[in-house]
Amino acid sequence: MRHIAAYLLLQIGGNTSPSAGDVKKVLGAVGIEADEERLEKLISELEGKDVNTLIAEGSAKLSSVPSGGGAAAAPAAAAGGAGGAPAAAAVEEKKEEKQEEKEESDDDMGFGLFD
């Protein structure tokens, strides 16, 4: 990850085709030693390719990957479209109820079953 980050920093800085030596300089400036094997593989994989295009292609691929948590977001979004304030109030009420239940169960803490 550090090699990619350094490569992208160099690209943002205006170096359209960073070399392994350029990446080593960036990493060395912050006290990180470059892994030669990984760095050479990265440079060879990215050689002659536009990083912005690669990022766009990767983002398109990631958008098709299920990431979980979408089921809870969908009803919230639907309710938000019908009236955002009542939906937000309902969520806050649920949170408060959970906190109250937790506080009530905390009353028994510190006592064993057979004390």
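## Overall make-up

The secondary structure of this predicted model consists of five helices and zero strands, and reading along the sequence gives the pattern α-α-α-α-α. Of the 115 residues in the protein, 12% are buried, while the accessible surface comes to about 9,200 Å², with 57% of that area belonging to carbon and sulfur atoms.

His3 lies in helix H1, which covers residues 2-12. Is His3 buried or exposed? His3 has a relative accessible area of 6%, and because buried means under 20%, His3 counts as buried.

When its neighbours within four places in sequence are left aside, His3 is in contact with Val23, Leu27, Ala34, Asp35, Arg38, Leu39 and Leu42.

## How H1 meets H3

Two packed helices are described by the angle between their axes and the distance between the axes. The axes of H1 and helix H3, the latter made up of residues 36-46, come within 10 Å and cross at roughly 45°, and H1 and H3 are therefore oblique to each other. The crossing of H1 and H3 is right-handed.

On the H1 side, the residues that take part are His3, Ile4 and Tyr7, and they meet Arg38, Leu39, Leu42, Ile43 and Leu46 in H3. The residues of this contact between H1 and H3 divide into six nonpolar, one polar and one charged.

Terms used: Residues are numbered from 1 along each chain as its sequence is written. This is a predicted model: local features need pLDDT of at least 70, side-chain atom pairs count only at pLDDT 80 or more; totals for chains, interfaces and linings use all residues. Side-chain values use heavy atoms; hydrogens and water are left out. Helices (H or I, at least four residues) and strands (E, at least two) are DSSP runs, numbered from the N terminus. Buried means under 20% relative accessible area, exposed over 50%, partly exposed in between (1.4 Å probe, protein chains only). Accessible areas come from the Shrake-Rupley method with a 1.4 Å probe; for residues, only the protein chains shown count as cover. Contact means heavy atoms within 4.5 Å. Axes are lines fitted to C-alpha atoms, for helices over the stretch in contact, and angles run from 0 to 180 degrees between N-to-C directions. Angles under 35 degrees count as roughly parallel, over 145 as roughly antiparallel, 65 to 115 as roughly perpendicular and the rest as oblique. A crossing is left-handed if the near helix is turned anticlockwise from the far one by less than a right angle, and right-handed if clockwise. Ala, Val, Leu, Ile, Met, Phe, Trp, Tyr, Cys and Pro count as nonpolar, Asp, Glu, Lys and Arg as charged, and the others, Gly among them, as polar.
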